[in-house]
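Here is a brief report on a predicted model. It takes the ligand shells, then the sheets, then the helix contacts.

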Amino acid sequence: MSSEVAARPEGKGADIQRRGLMLVLSSPSGAGKTSISRRLLQDEGRLAMSVSVTTRPPRPGEVDGRDYHFIDLTRFEAMVKADELLEHARVFGNCYGTPRAAVEAALSAGNDILFDVDWQGTQQLNEKVPQDVVSVFILPPSQEELERRLRSRAQDSEEVVIGRMRKAADEISHWSEYDYVIVNEDLERSVADVRAILRSERLKRERQTGIGDFVRRIVASAPE
Ligand SMILES: Nc1nc2c(ncn2[C@@H]2O[C@H](COP(=O)(O)OP(=O)(O)O)[C@@H](O)[C@H]2O)c(=O)[nH]1
Ligand SMILES: Nc1ncnc2c1ncn2[C@@H]1O[C@H](COP(=O)(O)OP(=O)(O)O)[C@@H](O)[C@H]1O
């Protein structure tokens, strides 16, 4: 799954090969993972979004191929059967899944990949490619604020909002399965926190696969 590519994460310094990573964000619906993801994609180089397939209908403003690939159940089932999905799950009565080919293409192009998946998707990714997954759980500051955000988004019917509130406790109960946890009170602060995580994880020794060669070159060029 992982690729090894020549990359200069900060655009300067030594040209050291590194492996791409999979940055997974989960939260109860409405806690802010879409807002954080959009900002990360704007601000970060070498980061691409994994666009999931879903059988849920598009919300106003959502674009097919950008937010999701919107497909019907027959097509979804065919993709599962053909093993074209890296993971898949049923959430709020709809099916969601991560297309395998797009992830592999992005990783081999030297990009890190951002995932907005629920706890079921995170568990499956952790089972399949544990060394590449960096997982972050986003919490709302309070139950009241979560409800306010779900309503202020004004994109779902009352029935859907109530369903999402009911499901929030279930999603939150999985917080301890994640590497990092962020309380999304101030959006700017949360984006900065996720960027700090990304920056540190990119520097992990085992992800800098070319560091051994680099060190050998430095040592070899030292004066006698
Ligand atoms: N397992 C899995 N979950 C997904 C995938 N895509 C989206 N989800 C999750 O499905 C849930 C519902 O997503 P969505 O309908 O866009 O509403 P949201 O909660 O407002 O983001 C969220 O918890 C997403 O993280 C996927 O490919 N796999
Ligand atoms: N830190 C924050 N403070 C206030 N409002 C926020 C914050 N983060 C997100 N929101 C708002 O809350 C609503 C839900 O956020 P969204 O990113 O769609 O959540 P999710 O993707 O987790 O369902 C949106 O209207 C968004 O603008």
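## Shell around ligand 2

A residue is near a molecule if its C-beta atom, placed from the backbone, lies within 6 Å of it. Around ligand 2 there are 14 residues. Gly32, Thr34, Ser35, Arg149 and Leu187 are the closest. Two elements give two or more residues to this shell: helix 1 (33-43) and helix 5 (143-152). Helix 1 gives the most, with 3 residues.

## Shell around ligand 1

Ligand 1 is surrounded by 16 residues. The closest are Ser29, Ser52, Ala89, Tyr96 and Gly121. Three elements each supply at least two residues of this shell: strand 7 (85-91), strand 8 (94-99) and helix 4 (119-128). By class, the shell around ligand 1 has 8 polar, 4 nonpolar and 4 charged residues.

One open sheet has 5 strands, in the order 4-9-3-10-11. The pairing is parallel. Strand 4 (47-49) and strand 11 (180-183) stand at the edges. Each has a single partner strand, so one side of each is left without a neighbour in the sheet. From one strand to the next, the twist averages 25°.

Inside this order, strand 3 (residues 22-26) runs parallel to strand 9 (residues 112-116). The two are joined by 4 bridges. Opposite Leu23 stands Leu114 of strand 9.

A second open sheet is built from 4 strands, ordered 6-5-8-7, with mixed pairing. Which strands stand at its edges? They are strand 6 (69-70) and strand 7. Each of these has a single partner strand, so one side of each lacks a neighbour in the sheet.

Strand 7 and strand 8 run antiparallel, joined by 6 bridges. Arg90 has Cys95, in strand 8, as its bridge partner. Helix 4 packs on the sheet and touches strand 7 and strand 8. The direction of helix 4 makes about 155° with that of strand 7. Helix 2 (residues 73-81) lies across strand 5 (53-54), strand 7 and strand 8. Helix 2 runs at about 45° to strand 8.

## Helix 1 against helix 7

The axes of helix 1 and helix 7 (residues 187-202) come within 10 Å. They cross at roughly 60°. That makes helix 1 oblique to helix 7. The crossing is right-handed.

Helix 1 makes the contact with Ser35, Ile36, Arg39, Leu40 and Asp43. Helix 7 brings Leu187, Ser190, Val191, Val194 and Arg195. The residues of this contact divide into 5 nonpolar, 3 charged and 2 polar. Two of the contact residues, Ser35 and Leu187, are also among the closest to ligand 2.

## Helix 5 against helix 6

How do helix 5 and helix 6 (residues 158-172) pack? Their angle is about 150°, with the axes 10 Å apart. Angles over 145 degrees count as roughly antiparallel. Helix 5 and helix 6 are therefore roughly antiparallel to each other. Helix 5 passes helix 6 in a right-handed crossing.

On the helix 5 side, Leu146, Glu147, Leu150 and Arg151 make the contact. Val161, Arg164, Met165 and Ala168 meet them from helix 6. This contact has 5 nonpolar and 3 charged residues, and no polar ones.

Methods
Residues numbered from 1 in each chain as written. Chains lettered and ligands numbered in written order. Predicted model: local features only at pLDDT ≥ 70, side-chain atom pairs only at ≥ 80, totals over all residues. Nonpolar A, V, L, I, M, F, W, Y, C, P; charged D, E, K, R; others polar. Pairing = 2+ DSSP bridges. Axes fitted to C-alpha atoms, helices over the stretch in contact; angles between N-to-C directions. Contact = placed C-beta atoms within 7 Å. Parallel < 35°, antiparallel > 145°, perpendicular 65-115°, else oblique. Left-handed = near helix turned anticlockwise from the far one by under 90°.
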